[in-house]
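Here is a short report on one helix and a set of charged pairs. Look at the sequence and the fold, then read on.

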Amino acid sequence: MKDEKKRGRPRTFDAKAALGKARDVFWDRGFAAASLDNLSAATNLNRPSLYGAFGDKEDLYLDTLEGYRQDGMDALAQALDPSLPLRDNLARVYESALAVYLHGETAARGCLLIGTATVEAVERERVREVLGRSLSDFDGEIEKRMHLAVERGELAEGADPQMLARLASAVMHSLAVRARAGDSREVLEAIARSGVELICGNRHV
């Protein structure tokens, strides 16, 4: 949220809580179908206050994406604890992701970025930038752990950390899409386990 947007907000305004409520609306409905009435009702802010606090609808949506990206980076860093084996790291990454993807009041939501930003990225340059930067950041965090895994002998000496990181991310993206499509937890967990085996192979350290 930009500082210049704060003028006109109510005295009891809680930006973090309001963004969380707005995120839920965008996550469930997508950007296009999320109306200002939906967002006003969820955040308990009338339209003037909503505009005063966050700017227009796209500004608000971008703020929710940025918050989601940061939450994802924090969770990823925690899951990739280098004191644990790579297999455990990846299993934790997918377990943490599924806890998010399978949440939703009426149906599994999947990933906010994959489920909503990919749709808007075609015509909205700012959304495309956040989406691309988010995917690059996630890949980069995983790639650092892959480099360490090569150094430790958890992966073959000739392994490509960058490609393996992208593969690990691709498994996560597939889980997000399949969760939103209604696949069961059992199926998704099996895919996650297969992803770990595909990346780590038979090497155990």
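A salt bridge is a side-chain nitrogen of Lys or Arg within 4 Å of a carboxyl oxygen of Asp or Glu. The model shown is predicted. It holds 17 salt bridges.

Arg109 forms one of them with Asp24. Arg109 sits in the loop between H5 and H6, and Asp24 in helix H1 (residues 15-33). The two are 85 residues apart. Arg109 is buried at 6% relative accessibility, whereas Asp24 is partly exposed at 29%.

Glu58 pairs with Arg124. Glu58 lies in helix H4 (residues 57-79) and Arg124 in the loop between H6 and H7, so this bridge ties together parts that are 66 residues apart in sequence. Glu58 is buried at 13% relative accessibility, while Arg124 is partly exposed at 28%. Arg124 also bridges to Glu120, a buried residue at 12%. A network of salt bridges links Glu58, Asp59, Glu120, Arg124 and Arg126.

| Salt bridge | Closest N and O atoms |
|---|---|
| Arg109 and Asp24 | 3.3 Å |
| Glu120 and Arg124 | 3.3 Å |

Now to helix H8. H8 covers residues 161-181 and spans 30 Å from its first C-alpha to its last. Its buried residues include Leu164, Ala168, Val171, Met172 and Leu175. The buried residues of H8 fall within an arc of 145 degrees seen down the axis, so they line one face of the helix. Among what covers them are helices H5, H6, H7 and H9.

At the start of H8, a side-chain oxygen of Asp160 comes within 3.0 Å of the backbone nitrogen of Gln162. Gly182 follows H8, with a positive phi near 105 degrees.

Notes
Residues are numbered from 1 along each chain as its sequence is written. This is a predicted model: local features need pLDDT of at least 70, side-chain atom pairs count only at pLDDT 80 or more; totals for chains, interfaces and linings use all residues. Side-chain values use heavy atoms; hydrogens and water are left out. Helices (H or I, at least four residues) and strands (E, at least two) are DSSP runs, numbered from the N terminus. The expected span of a helix is 1.5 Å times one less than its number of residues. Buried means under 20% relative accessible area, exposed over 50%, partly exposed in between (1.4 Å probe, protein chains only). The arc is that of the directions from the helix axis to the C-beta atoms. Contact means heavy atoms within 4.5 Å. A polar contact is a pair of N or O atoms within 3.5 Å; within protein, one must be able to donate a hydrogen and the other to accept it, and residues adjacent in sequence count only if both atoms are side-chain atoms.
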